[in-house]
Amino acid sequence: MPFMEVMVGYISMEIIKVSVARTRPADKLVNVLGYSFPSAHTFEIILVLLVLLGIIKQILRNTKTLYFIQIFLFSITFLVLFSRLYLRVHFFSDVAAGVFLAYGWHSIWQNIANKLTKNLHNC
């Protein structure tokens, strides 16, 4: 299920990106192709972070280890978001949209997964 969440989420985000067709900032520091809105890097890192945290919380019972893993994952996530803005390959709104879309997609997916597992347990 986690793999499906990420794959279907990525496809959905790409459909939004192509539909909006927003060009990238003109003053970017690196040469990148494709549309800007929403940031795919941001969407994917946030979505993978949320999925990994859900899996890790089910597996680990040691709160100190969990705390350090969370700090590590959030640090990587912050660096990715910061790099998108620092390299000027995205507008702030592109990165913000990637974050909100990932949280929204994860919430929707979790609701669907919870309803499916409830239905399976009731059968």
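Biologist: Which residue caps the N-terminal end of α3?
Modeller: N62 does, with a side-chain oxygen lying 3.0 Å from the backbone nitrogen of K64, where a polar contact is a pair of N or O atoms within 3.5 Å, and within protein one must be able to donate a hydrogen and the other to accept it, while residues adjacent in sequence count only if both atoms are side-chain atoms. The model is predicted, with local features needing pLDDT of at least 70 and side-chain atom pairs 80 or more, while totals for chains, interfaces and linings use all residues. Residues are numbered from 1 along each chain as its sequence is written, and side-chain values use heavy atoms, without hydrogens and water.

Biologist: And what follows α3?
Modeller: R88 follows α3, and its phi is positive, near 60 degrees.

Biologist: How many residues does α3 have, and what is its reach?
Modeller: The helix (a DSSP run of H or I, at least four residues; strands are E, at least two; numbered from the N terminus) has 24 residues and reaches 34 Å from first to last C-alpha, close to the 34 Å expected at 1.5 Å a residue, that is, 1.5 Å times one less than its number of residues.

Biologist: Which residues of α3 are buried?
Modeller: They are L66, L73, T77, L81 and R84, buried being under 20% relative accessible area, exposed over 50% and partly exposed in between, with a 1.4 Å probe on protein chains only.

Biologist: Changing topic, why does S39 count as buried?
Modeller: Because its relative accessibility is 0%; S39 sits in the loop between α1 (2-20) and α2 (40-59), and beyond four places in sequence it touches R84, H90, D94, V95 and G98, with heavy atoms within 4.5 Å.
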